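Please look over the structure shown here before reading on.

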Amino acid sequence: MDKQNITYPRNTIGEIPPCPVAPDSLQGIPRQQTNPSRWQGEQWSAFVAALQQANIELRVAPHNTGTYMTDAGGLAYGKPHGVVIARSAAQIATLMQLAQQFQVPVTTRGGGLTTEGESVAFGGVLLDMTGMSRVLHIDKTALTVRTEGGIFWHLLAEALRREGLDYLSAPLNLTSSVGGTLGVGGIDVNSSKLGCSADQAIALQVVTPTGEIVECSDEEHAELFQRVILGYGQFGIITEATLRIRPYTPLRMHYFYYSSLRNAVEDLIQIDRSEACDYSGILTMMDRAITLLVAFDSDEREAEFLSNHREAVRGYGELPFAIRTAAYYAVRPWRIKEALYLYQRKRELFPDLQPAHHMQGGQMIDRTVVFSRAVWKHWGGRQMVIPDLASSVDKFVESVERGNAVCKKYFPHYTLYCVGIKLRADHKAHYELSCIPPDAEEWAYGCEFEPMLGDNSYSRDQLQSFKNEIYDIGVDLGTSYYRFGGMMKGYIRRALGDEVVEKHLAMKRQADPAMILNRHVIF
Amino acid sequence: MSHSNCHGCSLCLLSCPMWQQRRDMQYSPQGIFKALQHNATHDEIAPALFSCLLCGACDVLCPEQIDITDTIKTLRQALFAKGGEIELRKKIESLLAQPVAETRLEENTIILPGKALRSMPDTLTKIQRLLSNETHAVIATDDGDDIALALEAGIHISEQRRHSFLEPLQGAKRLYISNAHLLRALHRWLPATELCALGYSLSQLNELTSKLNKGDLYLIEAQSFHFDHKQKITHYDQLRYQQGCQTNLDLQRNAIPTAAGALNTLRPALDSTEQGNWILSGRNVQRIVVECAEDGLAMSQVTHHPVLHIADLMGA
């Protein structure tokens, strides 16, 4: 190359130029690889031989291991050395004993719906928990269900609905597994009333990192129960769970539309506090069309809300909001592209939020299916980037507004999804080092920030910078996060403090001497 | 969209009988496609390929709109072409009928009932009567059972055999077809003819469906239902709400199939008892009404409740 043709900005000769890919938002955190380095396979052969002796099938063919190469996020890539399909607690116990002995990492995977690579194995064994996914017993009198841990929430719903029953709360994406969800939280549009999914667990059968099979609950082996619930898979593998359930009810849905994010968030918090509805949440198209969803389990609850609380809600009905929005863009013709995007998005999305064959008499009869399919169809894709912030009530409006500003800076189109989580005072111990922020009382609030990547191609650095900038808000405000793992890991200590991380690290070292179970998620 | 578009959302697993029975990712459309993305050979995916019932529920669910059942059929064809599954191929080829000179049927309406229904002459007579409104409906002598099996398995059908099957049907204005694989193929082969799924057509007759009640479990024939899901779901939902009967629809509004397909009967890969039990699980049922005679045979193996064909509701 002809040196004479290279021009340098005058002030930067001899200095490292700024990252040409994307703005660097890593406040005090050096840029590092997104993926952890791959485990190098020391003692692998001896471990494989021991597994064979124990009659545990290990699949090592490239197409077997490649199947689990990434998670729903599609940004973290790693290959296990071998795959084991979970079949029983005894099989997993043997696997863990041998993994401890030979110091082989084991990564558990349910639905693989993590976005930071938490369910991606960077070497070692990938344990596919969906092999244990059957409902074991439904107790209609006590309203509990005993199920294997690898079951998808959807399949649990399927079995419960045959009996006229339903789970309490589950993630909107129904290919999440029960075990995986109990380990991270699980937020539904009724979590502001019923709490997160993890709080529905009454008892668990857990295989510890050293291979003991332990039944635990708030009464029995309570410490293990506290650590496994919301424990991000660090302290044991959930092989069975007993969950609270309830009679099934269809939903009476109402949507209110806002153009002010603050108003919508304040109304959401107010509605939750008043306990006037059974389901609530916010879903946005950028910060221009904000939908507050409110729903009810019974006609009585709906009627009570409409007569006593509706007036306080500042959102508009669909038609008035459409007229206001049209007027807004009519005097801002230079934003016609945005207007067209909103219109197009509404046309595509709204019918899928109330499909005729999942509605009856104006009520939604299968919210589980409707939301889950809409999530995949309208928000899913080869890559999904969904950083989030989980805060106390007091910090929530600021969290959302600041996160929204970051979204706006990086992407033309994005969605925010906000919900409240009712906390259980008696579960304080469960919440330590989890998505529930330490300063949250009674309710915590979560907001996911999801860019609509579409067919656009963004560099990995740009996506990571976006995530980091959202996470930085958490550090500034002292919030927590729903998704841990991957690059996020660097923020846990900064957001939640050294003391609590050190405490849990000490417990982890004791429970998992070889530090093999779900490495790189927290520690 | 091809299998390379699968990004692993797992939605296809939710209604997949193959995955439900095995609980093993390998035995699912996602597992097959992911394996192919990582250079699996046809032999390596053969057990899963031939466990698939081709019920088509995954086609409805796939957010990437991959035509999964067609892809699986193509993969089966490729496997045979590479010399795999020789025994199975020979078995099916031996079942393919020798082409015979057929004369064109003069009637406007022809029914292709399939093997199981042919063995139920009373029911078949009722069907004939029910579908003979404007013109007399006749039963085809050659209803292409062998062709349906070959289509399901991915076996090549000779030009002569195809011709001998199609020739008698060329003059018909309307065909009622029991087998969904045949129905799909006939859409390509006889584009000008009105083609109707037999079970679906019967389910539209009020004189039959008015006799359904809340103690009935109505079994929708899965393949043809999923083939035309958008149109048919409204009809079956109305049927369910109007009559109060139960159906084999799952939460996704997909029809849970029995494992009564011809290929699974020939070389069982899925347990039909387990499939039948899953359909019945948690349901309070007094009677089972089926659209497809093969489904009826499968269900009568797992329940002591009466199982009858929808046409038998005539005069019931």
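The model is predicted, and every value given below was computed from it.

**The largest pocket**

- About 1,600 Å³ of space lies in the largest pocket, and its lining is made up of 50 residues, of which A:Asp352, A:Lys377, A:His378, B:Pro63 and B:Gln65 lie nearest the centre.
- In chain A, the elements that give two or more residues to this lining are helix H11 (336-353), helix H12 (367-379) and strand E17 (443-451), while in chain B they are helix H4 (57-61), helix H14 (222-227) and helix H15 (229-243).
- The largest share of the lining, 8 residues, is contributed by H12(A).

- The lining of the second largest pocket divides into 19 nonpolar, 10 polar and 7 charged residues.

**The nonpolar cores**

- The largest nonpolar core has 236 residues, and the members that touch the most other members are A:Leu204, B:Ile32, B:Leu175, B:Leu186 and B:Leu202.
- Apart from neighbours within four places in sequence, A:Leu204 is in contact with several residues, including A:Arg146, A:Leu182, A:Val214, A:Phe225 and A:Ile238.
- A second, separate core of 28 residues includes A:Ala93, A:Met96, A:Val125 and A:Val207.

**A buried and an exposed residue**

- A:Asn404 lies in helix H13 (residues 393-410) of chain A, and it counts as buried because its relative accessible area is 6%, where buried means under 20%.
- The side chain of A:Asn404 makes a polar contact with the side chain of A:Asp287 at 3.0 Å; once residues up to four places away in sequence are set aside, A:Asn404 touches A:Leu261, A:Asp287, A:Tyr414, A:Leu416 and A:Phe449.
- B:Asp43, in helix H3 (residues 42-49) of chain B, has a relative accessible area of 58% and is therefore exposed, where exposed means over 50%.
- Although B:Asp43 and B:Gly84 are 41 residues apart along the chain, their C-alpha atoms are separated by 6.9 Å, and B:Asp43 is in contact with both B:Leu79 and B:Gly84 when neighbours within four places in sequence are left aside.

**Two residues with positive phi**

- Most residues other than glycine have a negative phi.
- A:His221 has a phi near 45°, a positive value in a residue other than glycine; A:His221 lies in the loop between strand E8 (213-217) and helix H7 (222-228) of chain A, and at 47% relative accessibility it counts as partly exposed.
- B:Gln65, which was named above as one of the residues nearest the centre of the largest pocket, has a positive phi near 55°.
- B:Gln65 is found in the loop between H4 and helix H5 (68-81) of chain B, and because its relative accessibility is 66%, B:Gln65 counts as exposed.

Note on methods:
Residues are numbered from 1 along each chain as its sequence is written. Chains are lettered from A and ligands numbered from 1 in the order in which they are written. This is a predicted model: local features need pLDDT of at least 70, side-chain atom pairs count only at pLDDT 80 or more; totals for chains, interfaces and linings use all residues. Side-chain values use heavy atoms; hydrogens and water are left out. Helices (H or I, at least four residues) and strands (E, at least two) are DSSP runs, numbered from the N terminus. Buried means under 20% relative accessible area, exposed over 50%, partly exposed in between (1.4 Å probe, protein chains only). A polar contact is a pair of N or O atoms within 3.5 Å; within protein, one must be able to donate a hydrogen and the other to accept it, and residues adjacent in sequence count only if both atoms are side-chain atoms. Contact means heavy atoms within 4.5 Å. A nonpolar core is a set of buried Ala, Val, Leu, Ile, Met, Phe, Trp, Tyr and Cys residues joined through side-chain atoms within 4.5 Å. On a 1 Å grid over the protein atoms alone, a cavity is a set of points where a 1.4 Å probe fits but cannot get out, and a pocket is an open set with protein on both sides within 12 Å along at least five of seven lines; lining residues have an atom within 4 Å of a point. Grid points are joined across faces, edges and corners, and a volume is the space filled by probe spheres set on the points. Ala, Val, Leu, Ile, Met, Phe, Trp, Tyr, Cys and Pro count as nonpolar, Asp, Glu, Lys and Arg as charged, and the others, Gly among them, as polar.
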